[in-house]
Amino acid sequence: MYPTGEPYDTGMLDVGDGNRVYWEVSGNPQGKPALIVHGGPGSGASSSPRWRTYFDPEAYRVVLFDQRGCGRSTPSAARWDTDLSVNTTHHLLADMELLRRHLGIERWQLFGGSWGTTLGLAYAVRHPDRVSEVVMSGIGTTTPGEVQWITRDVGRIFPEAWDRFHAAAGRPEGNMAEAYARLLEHPDAAVREQAAADWCDWEDSHVRLRPGQPRDTRYDDRDFRVTFARLVTHYWRHHAWLEDGELLRGVEGLGRVPGVLVHGRLDVSSPLETAWRLSRAWPGCELVVVDDAGHGLGLGAALVAATDAFAHRT
């Protein structure tokens, strides 16, 4: 991993709809542009310098942004009155294009993970001429089947945690993201706050795979907890506003855009099957499977190897 470094330029971009998106740039001002596409939805990126450690600061011009409603972007989804109707995949894709033009970048590498895979691939499929390479990890495409898995079916592996998660929502029969999104819109603030806590407890349960792995302390912060729960349920209840299988079909046209997908075989939150199917459909894609890694853990060396390999590719 490379030194974290510090951004040399930052700003707030007015993207419309009353939203301002925080961005920052680090590394070499003359280097190869790369855009970090963070996960969640709603995790934000600006609070974590680890994102910059995947890039050689002499070779890359690294752009990081907080997606609408999270991190340092405004208004924050932690405010219950923040309108989420103008926070969709299509809005975020437009924001990314606006940021690219604002920074005067012709093409950039897309780098991200988890939810960032969905958003990054959607951008690449829509704007292949603006993408030099794609490097992603913890692969997911937010299909109905994937949302069903991560909110219900994976409970077969974590039955105790899932029973608590299910009971806290009133044991609904249908879409769990939909059920929690409704609770997060409840007129009683206490109900909303509890729903955010219950959702984040479940998220932490299925991501923590290794014995003794500490819980994610980000969920101790009330604003992060509410932002994350509101945005994840908002996006998952709508399956990211994408047709089922849209990204799998879309990557068939990315043959001239090279990609590396890095995935942990022990990732039960986002099973390997999605990454494998994408790699089979995408002629220019390499799938790197890390046998002893889970969702986002133990993938660093493979990700650095990928960015190093692309560092001087024109």
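His263 lies in strand 7 (residues 259-264), and at 0% relative accessibility this residue counts as buried, a term that stands for under 20% relative accessible area with a 1.4 Å probe and protein chains only, whereas over 50% is exposed and the range in between is partly exposed. The model is a predicted one, in which local features need pLDDT of at least 70 and side-chain atom pairs count only at pLDDT 80 or more, while totals for chains, interfaces and linings use all residues. Residues are numbered from 1 along each chain as its sequence is written, and side-chain values use heavy atoms, with hydrogens and water left out. Strands (E, at least two residues) and helices (H or I, at least four) are DSSP runs numbered from the N terminus. When residues up to four places away in sequence are not counted, His263 touches Gly138, Ile139, Ser270, Pro271, Leu272, Ala275, Val288, Val289, Val290 and Leu299, contact being taken as heavy atoms within 4.5 Å.

In the largest nonpolar core, which has 70 residues, the members that touch the most others are Leu35, Leu99, Leu110, Val134 and Trp199; such a core is a set of buried Ala, Val, Leu, Ile, Met, Phe, Trp, Tyr and Cys residues joined through side-chain atoms within 4.5 Å. Helix 7 (residues 222-237) gives the most to this core, with eight residues. Another core, of 23 residues, lies apart from it and includes Ala34, Phe55, Ala59 and Val262. Beyond its neighbours within four places in sequence, Leu110 is in contact with Leu35, Gly120, Tyr123, Ala124, Val131, Glu133, Val134, Val135 and Met136.

The buried residues of helix 1 (residues 89-102) are Thr89, Leu92, Leu93, Asp95, Met96, Glu97, Leu99 and Arg100. After helix 1 comes Gly104, with a positive phi near 70°.

The axes of helix 4 (residues 159-168) and helix 5 (residues 176-183) come within 10 Å and cross at roughly 50°, the axes being lines fitted to C-alpha atoms over the stretch in contact, with angles running from 0 to 180 degrees between N-to-C directions. Phe165, His166 and Ala168 of helix 4 meet Met176, Tyr180 and Leu183 of helix 5. On its other recorded contact, helix 5 approaches helix 6 (residues 189-207), their axes coming within 8 Å and crossing at roughly 145°. Here Met176, Ala177, Tyr180 and Leu183 of helix 5 make the contact with Val191, Arg192, Ala195, Asp198 and Trp199 of helix 6.

How values were computed
The expected span of a helix is 1.5 Å times one less than its number of residues.
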